[in-house]
Amino acid sequence: GNGKSSLAIKELLMVFEPAVEWHDLSASERQVAQALQAHFGARYEEIPRDLIVCFIRGYAHDEVNWASTVAQLLSDTLKWRVDMGADTALARTPSKRDEFESMYQAGPVGHDNEGHPIVLERVGKVP
């Protein structure tokens, strides 16, 4: 190409500063967080803070309905997590686990000299 598009991208990147999730909430973000706290009540304390921050910052473009948009979408997400069992998935034993493990034998067997885990995978035993 003529290099114009890559120059425009470079200029954009020079002025673009991505949101940093670990920065303190701004005054307007704190207002949305307070609205969420009122919306969710006692359940607010159970919602992971990083999830709240992601939703607050992720939907900041909707300034008119910011708090209500975040509350609705976060409610939908929390319901989906319950419906799908997302928060308990790792605690459940998958069905047919024994059958899977008999066909695909693998697991950690130690560490190398640098401390990296060594995993034995017997892929030749997979039917």
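The axes of helices α3 and α4 come within 9 Å and cross at roughly 135°. That angle makes α3 oblique to α4, and the crossing is right-handed. The model is predicted.

**Contact of α3 with α4**
- Two packed helices are described by the angle between their axes and the distance between the axes.
- From α3, the residues that meet α4 are L51, I52, F55 and I56.
- Their partners in α4 are W66, V70, L73, L74, T77, L78 and R81.
- By class, this contact of α3 with α4 holds nine nonpolar residues, one polar residue and one charged residue.

**Buried residues of α3**
- Helix α3 spans residues 49–58, and L51, I52, V53, F55, I56 and R57 are buried in it.

**E29 in α2**
- Helix α2 runs over residues 27–40 and includes E29.
- E29 counts as buried because its relative accessibility is 12%, and the cut-off for buried is under 20%.
- The side chain of E29 reaches the backbone nitrogen of S26 at 2.8 Å.
- Beyond its neighbours within four places in sequence, E29 is in contact with D24, I56, R57 and W66.
- Among these contacts of E29, I56 and R57 are buried residues of α3, while W66 is one of the α4 residues that α3 meets.

Conventions:
Residues numbered from 1 in each chain as written. Predicted model: local features only at pLDDT ≥ 70, side-chain atom pairs only at ≥ 80, totals over all residues. Heavy atoms only, no water. Helix = DSSP H or I, 4+ residues; strand = E, 2+ residues; numbered from the N terminus. Buried < 20%, exposed > 50% of the residue type's maximum accessible area, 1.4 Å probe, protein only. Polar contact = N/O pair within 3.5 Å; in protein donor to acceptor, adjacent residues only side chain to side chain. Contact = heavy atoms within 4.5 Å. Axes fitted to C-alpha atoms, helices over the stretch in contact; angles between N-to-C directions. Parallel < 35°, antiparallel > 145°, perpendicular 65-115°, else oblique. Left-handed = near helix turned anticlockwise from the far one by under 90°. Nonpolar A, V, L, I, M, F, W, Y, C, P; charged D, E, K, R; others polar.
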